[in-house]
Amino acid sequence: MSGQHGASYPSVPSEEDVDSAATTLRASASSSKAQSLDGGLRREDGVGADIELEGWNGGGGRKRVSGGRGGEEDAEDTADDGDEAVGHENEHLLHSLDSTLDPILPLPPPPDKPRPVSWSSLPSKGQLAILTLSRLSEPLTQTSLQSYMFYQLKSFHAPSQPPPTDSTVAQQAGILAAAFTGAQMLTAVLWGRLADDERVGRKKVILIGLLGSAIGSLGFGFSRSFAMAVVWRAVGGMLNGNIGVMRTLISEVVREKKYQSRAFLLLPMTFNIGVIIGPILGGLLADPVGSHPGWFGAEYQGWLARWPYALPNVVNAGFLVCSAMGVVFGLEETLEGLRGRMDWGLRVSGWVARRVFRRKTTGTGYEALAVGDGEEEGDIELVGASTLERNKITPPHRPTTTRRKLPFRRIWTPTVCFTLLAHGLLAMHVGSFNSLWFIFLSTPRYTPNSTNNDHNSTTLHLPPNYTPHPPFTFTGGLALPPPSIGTALAILGVIGITLQLLLYPPLSFHLGTIPSYRLSLLLFPLSYTLTPFLAILPSSAPAPAPASGFLVWTGITALLFVQTLARTFALPATAILVNNSSPHPSVLGTVHGIAQTVSSATRTVGPVVAGWAYGVGLERGVVGLAWWGLAGVAVVGAVAGRWVREGSGWEVFLEGEEEEEREAVERGKG
């Protein structure tokens, strides 16, 4: 047989070698290498050299070789010498084939595609719930006053004097907004530094912010003059640096990036819930004596008559105090140096849980580490902070052997600077929209064939011989009363919460943070450009009555859909980008404080300038002046967004930290 092929064969392979070769060859019978074998090795008698081995017995047992014209012939070993020679020939042939073929291993399974994160998989749900409720109480306060602020400002005048003009009220509304944000601008960095200080920490800063907002809300509700209202708004802003600290807490509670898009969505989503409840609450509770005289009687002279706009602020202060109690008794400190220290609020709540609700507590012995919802065993990143402390486990990706802090001068990396620039411009035009929107809804409608100068709160004050010439020269608002303003503002929240629950998670997952952020910035100029045209939509009620009808409310809803769609993607993305731009974990709270300072500064300047431009536009009969200027700012913000990139959260390493990080990762893998 060897003479027929004209080849010499090496020694007989071992049993293990043949077994491997047989397995490899059979597994690859239809592969390209098997096909090349079929065409490359031919017997002289025309029989193909395709070989299929059913099994191998090292002791010379039964073997099956199929080949030749379709592979239909079988060869059976016998005990005679001739058949043994054939068997040895097959062994040599198999070894020769094995030496020419590389082992063909099975391909690894394709990697699983990343799946969108669900709400139920978020870690530390209890801590996130407390932060969400704390955040909810603040927009309740901020948005409820928008439904009646126009009329409260109109009431700030002596009985013998006429009420202030609409342009004056627009400017005063901008000043009130600036008083709050300006005070925040001056103190936000301070609160951020205190949140990073082990003598204070995150929890105390949030507690002070909630109680400070309650004090400012009460003072504003009982104000009797514009100056007093400005002072109390400034007090509320000065004592409130919570939004930056809350974002810091979320980033420390939810460390893994794949969960951040959902976790950071909680704050704007909660804001939209407040936007739904707050304006409706404010519109219903404002001036209850004037709105429902039959409930109180003509002789009523109590505190609700003396301070007609105090009741919604009293209710808001109650919400804030309840949120503060939740922080005291439920929120855990996340600052590294304060974790595990005695917290009397948590101890009291634990004692109540044991004694009142009869919840079992664990002993002092060792116990297995519980795996929460959405957590996998061995995934320390997803274990809550309290669980880590209880089990004395430190996340491997954050070395904690030393507690060094990045100097303030080294914070200003290009990533931080570009992110803060885009963040400030976004805050400017969004804050200006919030300030102008309820003023525009409250502004009297333009009445044709009238002087529009009756010096009261139901008519405009226009230049002599004024004639509108659309699409640019026209004026007036919608003249909506507080309950209708509350409804219009609530539409903003309803659309926002719907988009955030149904549209944002899948699109943000597929597009990514940066693309969705940049695309959303393009929608703001469109919404600002179209806003003033609501004043000239056909209404079912003639002026000066409040605008109403299908077209009016359809236009309001469509406009707010565009505005809210832009906010739904821009605001959570901005929070993530600011958080990840931090150059070092030790200054995370400081970076959020700086970001809040920047946003407060732009939200201070923006509403003041926008209110002034809106007043000038009303005096000249061009109500769109402020809105179109706002669209120009939004265009600049969209351009600035092209420079923003997503950081890692740790770009600057102090001396020795890279080695510590590497060792910690190796220990975690071990």
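Which residue forms a salt bridge with Arg-202? Select Glu-252: the closest N and O atoms of this pair are 2.4 Å apart. The two residues belong to distant parts of the chain, with Arg-202 in helix 8 and Glu-252 in helix 10 (residues 242–253), 50 residues apart. Keep in mind as you look around that this is a predicted model.

Now colour the pair by accessibility. Arg-202 has a relative accessible area of 2%, so this residue counts as buried. Glu-252 is buried too, with a value of 12%.

**Next stop: Asp-343 and Lys-203**

Select Asp-343 together with Lys-203, another salt bridge, where the closest N and O atoms are 2.8 Å apart. Asp-343 sits in the loop between helix 16 and helix 17, while Lys-203 is in helix 8, so the pair ties together parts that are 140 residues apart in sequence. Are these two residues buried or exposed? Both Asp-343 and Lys-203 are buried.

**Then: Glu-198 and Arg-341**

Here the closest N and O atoms of the salt bridge are 3.7 Å apart. Glu-198 is in the loop between helix 7 (166–196) and helix 8 (202–221), and Arg-341 is in the loop between helix 16 (311–330) and helix 17 (344–355), 143 residues away. Glu-198 counts as partly exposed because its relative accessibility is 32%. Arg-341, at 48%, is partly exposed as well. A search of the whole structure finds five salt bridges.

**Last stop: a helix pair**

Hide the side chains for a moment and select helix 5 (residues 125–144) with helix 12 (residues 266–285). Their axes are 7 Å apart and the packing angle is about 40 degrees. The two helices are therefore oblique to each other, and helix 5 passes helix 12 in a right-handed crossing.

Bring the side chains back to see what meets there. From helix 5, pick residues including Leu-128, Arg-135, Leu-136 and Pro-139. On the helix 12 side, the residues in contact include Leu-267, Phe-271, Gly-274, Ile-277 and Pro-279.

Notes: Residues numbered from 1 in each chain as written. Predicted model: local features only at pLDDT ≥ 70, side-chain atom pairs only at ≥ 80, totals over all residues. Heavy atoms only, no water. Axes fitted to C-alpha atoms, helices over the stretch in contact; angles between N-to-C directions. Helix = DSSP H or I, 4+ residues; strand = E, 2+ residues; numbered from the N terminus. Parallel < 35°, antiparallel > 145°, perpendicular 65-115°, else oblique. Left-handed = near helix turned anticlockwise from the far one by under 90°. Contact = heavy atoms within 4.5 Å. Salt bridge = Lys/Arg side-chain N within 4 Å of Asp/Glu carboxyl O. Buried < 20%, exposed > 50% of the residue type's maximum accessible area, 1.4 Å probe, protein only.
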